Amino acid sequence: MASYHLGIIERFDPKILEYEEYTPEKYGCIAVTDDALELALLQLGQLPTFWHTGARPAAGFAMTGVTLLPPGSVPAFRRALENAGDPALRAAIDKAREAGRRQKYMILYGL
């Protein structure tokens with residue numbers, strides 16, 4: 001089964017390319033199964049994000065790549081997770097709540 005890894009970027013720098021490297025431990029990522037998360041992600045197709053680097057603005061999620069969520073997009077992401085009503089998303093909701101409270105970027109690795 002495919003999964004996603006979701007974490008918080010402590011110091012976001014739009015000029016660096018390091019976000020393309022798969023380093024979930026660096027961002028305190030948690031694993032979330034695709035079944036639990038994909039329904040919420042599909043509802044957010046127009047959510048402002050970045051794909052792979054801060055220099056590549058996008059909308060929605062790079063399902064098999066790296067998505068960076070700016071602080072302004074985190075509340076909508078959290079609400080979509082909550083609205084999914086799946087208990088398997090509890091840790092992801094908590095992570096999004098923390099990122100929102102701290103005004104941090106999030107990173108989502110699609111595997």
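Thr 67 counts as buried because its relative accessibility is 0%, where buried means under 20% relative accessible area, exposed over 50% and partly exposed in between, with a 1.4 Å probe and protein chains only. The model is a predicted one, in which local features need pLDDT of at least 70 and side-chain atom pairs count only at pLDDT 80 or more, whereas totals for chains, interfaces and linings use all residues. Residues are numbered from 1 along each chain as its sequence is written, and side-chain values use heavy atoms, with hydrogens and water left out.

Thr 67 is found in strand β5, strands (E, at least two residues) and helices (H or I, at least four) being DSSP runs numbered from the N terminus. Setting aside residues up to four places away in sequence, Thr 67 touches, among others, Phe 50, Trp 51, Phe 61 and Ile 107, contact meaning heavy atoms within 4.5 Å. A polar atom of the Thr 67 side chain lies 2.9 Å from the backbone nitrogen of Ala 62.

Strand β5 (66-69) also belongs to the surroundings of helix α2, whose buried residues pack against β5, β1, α1, α3 (90-102) and β6. Those buried residues are Val 74, Phe 77, Ala 80 and Leu 81. They cover an arc of only 125° around the axis, which puts them on the same side of α2; the arc is that of the directions from the helix axis to the C-beta atoms.

In helix α1 (residues 34-42), the buried residues are Asp 34, Ala 36, Leu 37, Ala 40 and Leu 41. They fall within an arc of 155° seen down the axis of α1, so they line one face of the helix. Asp 35, Leu 39 and Leu 42, on the other side, are exposed.

Technical notes
A polar contact is a pair of N or O atoms within 3.5 Å; within protein, one must be able to donate a hydrogen and the other to accept it, and residues adjacent in sequence count only if both atoms are side-chain atoms.
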